[in-house]
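I opened my notebook for a structure that was new to me. Here is what I looked up, entry by entry.

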Amino acid sequence: MSAQPTVLSLRGVTKRFGGLVAVNELDFDVAEHEVLGLIGPNGSGKSTTMNLISGALRVSDGEILLRDQLISDLPAQKIARRGVARTFQLVRMLPSMTVMENVMAGAVFGHRRRWGREAERQVMRMLELVGLERRANARPSELTYIDTKRVELARVLVGDPKVLLLDEWLAGLNPTELEEGIALVKQLRDEGRTIILVEHVMDAIRSLCDRCVVMSSGHKIAEGATEQVLSDPEVIRAYLGEDDA
Amino acid sequence: MSGMKKSDYQALSISALLLVIAICLPWIVGDFAVTLAVNMAMFTVLTTSWALFSGPTHYISLATAAFFGLGTYTMGLGLDYLPFWLLVPIAGIFGAIMAGIIGLATLRLSGVYFVIFTLGLAEMTRQIITYVQNATGQKGILISIWFEEPTFYWMLVALAALIFLVGWLIGRSRLGFALRIIGDDEEVARHSGINTALSKVLLFMIPGAVAAMTGAIIAPRYGYIEPLIAFTPMLSFQVVIMALLGGTGRLWGPLVGVIPFSILWELISASFPNQTTLLLGLSFLIIVYLLPQGFVGLLLKIKGKMRDGRGH
């Protein structure tokens with residue numbers, strides 16, 4: 001993995017909300033074709049970090065680089081165009097549009113922009129990838145929960161992003177759906193996509209992530225290969241609380 | 001999303017046929033009907049362009065009167081120096097610029113603030129012009145040229161045809177698609193790579209330009225313009241009501257609202273000249289309660305039911 005070039009770097013990234021420091025001096029790199037797990041207990045700053053990378057929030061200090069180019073001073077739409085695509089913690093559909101049009105949004109305006117027949121073909125390829133090619137003309141309101149998640153995944157994949165941010169993409173799925181979800185992300189990993197995964201589901205983290213960054217109260221408390229990090233006493237203490245450790 | 005489909009050719013042929021009928025109308029109907037038709041054509045222009053922006057974004061603009069008034073005053077003040085036909089596009093440019101400025105200032109605001117701002121803007125413009133006129137001792141402006149009713153009608157029909165063409169092209173463009181995404185979820189739009197502020201400002205300039213051009217075209221019909229005529233807030237509300245009555249989900253939606261409402265309005269103004277505002281408010285309530293998606297929504301619902309019915 002270390003031989004791969006770095007795609008995304010965070011350097012001393014800090015986010016303050018008034019007096020609260022949600023993310024404190026965070027550093028980490030993501031290499032090409034890597035699946036990085038960003039984990040930690042609730043309120044540790046994972047989602048804030050995702051929002052900082054995607055430009056939904058502005059950094060208070062530090063910088064974020066995409067392929068050595070500064071992106072942390074850009075508005076969200078420019079970051080998306082540079083090649084950072086994200087899903088949302090609570091799945092967000094375009095309710096008045098069909099599944100096809102939902103995915104088209106990513107194809108027309110994303111990192112790799114397409115239009116017309118070419119865009120339609122690419123959308124259909126993505127719908128096949130996530131297993132929704134038969135529901136292309138359905139409305140989001142007619143879909144099951146996991147299917148809306150699939151649509152969202154297709155929407156971010158269709159623009160060939162350099163980095164994919166999956167913010168608790170597996171949350172809220174039932175056990176069968178979870179298996180399907182993990183298999184789908186695994187497939188993306190095998191295709192060589194670069195992914196940052198914020199996740200609580202331990203099975204998913206174990207089977208998907210090459211490396212993990214662990215956050216607690218806005219700080220990075222551990223970083224390394226997944227198994228090694230998950231057995232780190234400090235990580236266990238952060239997850240279970242001081243008394244149980 | 002690109003390339004012409006069979007349904008596109010059908011829609012184009014139907015539109016062309018309707019346009020021919022609309023052009024021939026003054027030769028077919030009587031004088032009173034032509035007067036009514038001028039109003040219909042004017043509101044078709046205003047509501048269709050209004051819906052191009054407000055339909056997909058759900059930003060309710062009450063600035064129509066401001067742009068319209070700007071157009072009438074451009075004509076009123078400009079006729080001493082320039083010919084009529086040149087002043088119409090100039091008014092359009094002024095309207096677009098004004099809309100651009102308003103857009104940059106307000107479209108970052110959420111919906112409610114935008115509504116209040118646009119209403120306030122129209123009133124403010126009216127007050128300023130009233131103030132300036134009082135200060136200079138002027139009461140209003142006499143318009144030195146005059147056209148027959150059918151001429152007004154044909155000019156407005158031509159403008160309407162242009163707007164339908166522009167609307168149709170926008171509907172097939174990236175900009176049109178971007179606006180629909182913004183209307184559904186602005187957050188998703190931004191993170192998909194859409195410059196939401198720029199898209200909204202660009203599209204808001206269209207109703208601004210069109211309302212100003214309409215004001216400029218219609219100014220000679222008034223003969224004499226003063227702020228209360230040119231900037232009447234009633235106009236902004238009528239446009240919103242007619243567009244919502246028709247439905248903003250389709251390009252032709254507002255037209256379906258304009259025709260019955262213009263006739264109804266003619267009856268109301270003739271029979272209850274002092275209660276027009278009250279009746280306008282009532283009709284607004286009725287539309288919002290009974291036809292939240294307008295006639296278009298109703299038609300699509302019936303079509304959907306018929307399809308389901310066949311399926312069972």
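**Before starting.** I remind myself that this is a predicted model.

**Entry 1: a sheet in chain A.** I began with the strands of chain A. Six of them form an open sheet, in the order 6-7-8-3-9-10, with mixed pairing. Which strands stand at the edges? I found strand 6 (84-86) and strand 10 (219-225) of chain A there; each has a single partner strand, so one side of each is left without a neighbour in the sheet. On average, neighbouring strands of this sheet are turned by 20 degrees against each other, direction ignored.

**Entry 2: one pair of strands.** Next I looked inside that sheet. Strand 3 (residues 35-39) and strand 8 (residues 195-198) of chain A run parallel and are joined by four bridges. Here L36(A) stands opposite I196(A) of strand 8 of chain A.

**Entry 3: two helices of chain B.** I then turned to helix 3 (residues 64-78) and helix 5 (residues 111-135) of chain B. Their axes come within 8 Å and cross at roughly 30 degrees. On the helix 3 side of chain B I noted A65(B), A66(B), G69(B) and Y73(B) in the contact; helix 5 of chain B brings L121(B), A122(B), T125(B), R126(B) and I129(B). By class, I get six nonpolar, two polar and one charged residue in this contact.

**Entry 4: checking a helix length.** Helix 12 (residues 253-271) of chain B has 19 residues, and at 1.5 Å a residue it should span 27 Å. I found its end C-alpha atoms 28 Å apart, which agrees. Among the buried residues of helix 12 of chain B are P254(B), V258(B), F261(B) and W265(B).

**Entry 5: one residue, F295(B).** I located F295(B) in helix 14 (residues 294-311) of chain B. Is F295(B) buried or exposed? It is buried, because 20 other C-beta atoms lie within 10 Å. Leaving out residues up to four places away in sequence, F295(B) touches L245(B), G246(B), G247(B), V256(B) and G257(B). I also looked at G103(B), 192 residues apart from F295(B) along the chain: their C-alpha atoms are separated by 29 Å.

**Entry 6: where the chains meet.** Last, I looked up the contact between the chains, which takes 18 residues from chain B and 20 residues from chain A. Helix 7 (174-184) and helix 8 (186-191) of chain B each supply at least two residues of the chain B side. Helix 7 of chain B gives the most to that side, with six residues. By class, the chain B side has six nonpolar, six polar and six charged residues.

Terms used: Residues numbered from 1 in each chain as written. Chains lettered and ligands numbered in written order. Predicted model: local features only at pLDDT ≥ 70, side-chain atom pairs only at ≥ 80, totals over all residues. Expected span 1.5 Å × (residues − 1). Buried ≥ 20, exposed ≤ 12 C-beta atoms within 10 Å, placed from the backbone. Axes fitted to C-alpha atoms, helices over the stretch in contact; angles between N-to-C directions. Contact = placed C-beta atoms within 7 Å. Nonpolar A, V, L, I, M, F, W, Y, C, P; charged D, E, K, R; others polar. Pairing = 2+ DSSP bridges.
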